[in-house]
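Subject: Model handover

Hi,

Here is the model we talked about. Please look it over alongside my notes below.

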Amino acid sequence: MSKLPPALEQLPSVWKRRHLLDLESLSAEEITAILDTAQAFKDATNDCRDKLSVLSGKTSVNLFIENSTRTRTSFALAARRLGADNIEFSASSSSLSKGETLIDTAKTIEAMQIDTLVCRHSAPGAAQMLAKNLDCCVINAGDGPHEHPTQGLLDMLTIRQHRGNIAGLTVALVGDIAHSRTARSNIWGLKKLGAHVIVCGPSTLVSRQWEALGVEVAHNLDDILPRCDVLNLLRIQFERQYTRPFPSIREYALLYAMNRQRMERAKEDILIMAPGPINRGVEVTPDVADGSHSVILHQVTNGLAVRMAALWLVNNVTA
Ligand code: NCD
């Protein structure tokens with residue numbers, strides 16, 4: 001059992017929230033407090049390997065109504081590494097398939113005296129709705145194309161670890177911006193911490209309207225590439241699209257896949273990131289995904305640290 005470092009002996013003074021629903025409503029100070037807490041947990045637990053007992057007696061439930069590998073596993077592990085119990089909810093074998101509403105299902109789980117509900121759902125606003133209707137803490141693990149706050153935070157933690165600071169960096173989000181909750185959470189978080197954000201992809205997936213959020217819109221990756229410090233390569237979210245946004249995957253890859261030729265034109269210290277799952281050969285070629293600039297697996301480890309921080313922060317705010 002690791003010892004708690006002084007940085008984690010009390011909550012950061014800016015943190016007052018019992019839910020983590022989005023990055024849009026968080027201040028730069030709150031975002032920084034989560035990142036600092038995640039870093040402190042990472043440092044205190046030998047890269048998130050060791051256990052602590054700071055949430056012993058608490059119970060966290062993963063209510064995932066959409067598929068997940070990284071987010072679900074890391075929330076479960078994060079809870080256990082902090083000494084909490086973790087319960088998995090299986091949507092397909094639950095009473096949701098018998099017509100029970102999401103709120104009734106969530107209230108049923110809450111009545112078993114749980115402390116945190118971690119929710120992933122295909123509907124934007126699902127986690128917000130649960131937070132309004134429940135007394136327990138709610139963490140949004142992705143609500144349709146809207147937000148995925150812990151993904152944005154783990155992306156920022158990874159950038160901060162490799163670059164020291166986020167302010168002043170140019171970060172490009174490349175791919176299906178229209179349907180990506182990762183894109184939205186990255187935009188809110190990165191802008192608040194002072195980065196220049198570029199959203200890049202075909203015009204069917206990246207409209208000019210994004211400029212209203214204070215980001216640069218680009219359709220030609222080769223034009224912006226030499227200016228970028230970080231590329232975050234986003235998956236094409238076919239499951240959220242009703243029409244095909246480009247003629248073929250081959251054509252998309254030709255214009256937007258990060259490959260060896262493009263790496264030659266990038267900054268020498270460029271960071272290659274992806275939230276995962278990656279589709280090799282579509283948004284990134286295997287040599288780049290597995291290459292020396294890729295921090296994709298560092299992001300996964302940081303996901304554990306960020307989720308430890310999120311669970312610990314929301315659970316320690318008194319109602
Ligand atoms: C993302 C998601 O589910 O939003 N993945 C993740 O949580 N790591 C991105 C994606 O599905 O493409």
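In helix α5, T150, Q151, L153, L154, D155, L157, T158, Q161 and H162 meet H298, Q299, N302, G303, A305, V306, R307 and A310 of α11. Contact here means heavy atoms within 4.5 Å. By class, the residues of this contact are 6 nonpolar, 9 polar and 2 charged. Nonpolar covers Ala, Val, Leu, Ile, Met, Phe, Trp, Tyr, Cys and Pro; charged covers Asp, Glu, Lys and Arg; the others, Gly among them, are polar.

This is a predicted model: local features need pLDDT of at least 70 and side-chain atom pairs pLDDT 80 or more, while totals for chains, interfaces and linings use all residues. Residues are numbered from 1 along each chain as its sequence is written, and side-chain values use heavy atoms, with hydrogens and water left out.

Back to the helix pair. α5 spans residues 149-163 and α11 residues 296-315; they pack at about 120 degrees, with axes 8 Å apart. α5 is therefore oblique to α11. Oblique is what remains after roughly parallel (under 35 degrees), roughly antiparallel (over 145) and roughly perpendicular (65 to 115). Axes are lines fitted to C-alpha atoms, for helices over the stretch in contact, and angles run from 0 to 180 degrees between N-to-C directions. Helices are DSSP runs (H or I, at least four residues), as are strands (E, at least two), numbered from the N terminus. The crossing of α5 and α11 is right-handed, meaning the near helix is turned clockwise from the far one by less than a right angle.

A second pair: α3 (residues 102-110) and α4 (residues 126-133) pack at about 50 degrees, axes 10 Å apart. They too are oblique to each other. Their crossing is right-handed. L102, I103, A106 and K107 of α3 touch A126, M129, L130 and N133 of α4. That contact holds 6 nonpolar residues, 1 polar and 1 charged.

Now the domains. Domain 1 is 6-148 + 300-315 and domain 2 is 149-299; the bounds come from an automatic or database domain assignment. Their C-alpha centres are 25 Å apart. Domain 1 puts 38 residues into the contact and domain 2 puts in 29. About 2,700 Å² is buried between them, 58% of it from carbon and sulfur atoms. Buried area is the accessible area (1.4 Å probe) lost on putting two parts together, summed over both.

Two backbone points. The G276 to P277 peptide bond is cis, and P277 sits in the loop between β10 (271-273) and α10 (286-289). N46 has a positive phi, near 55 degrees.

Best wishes
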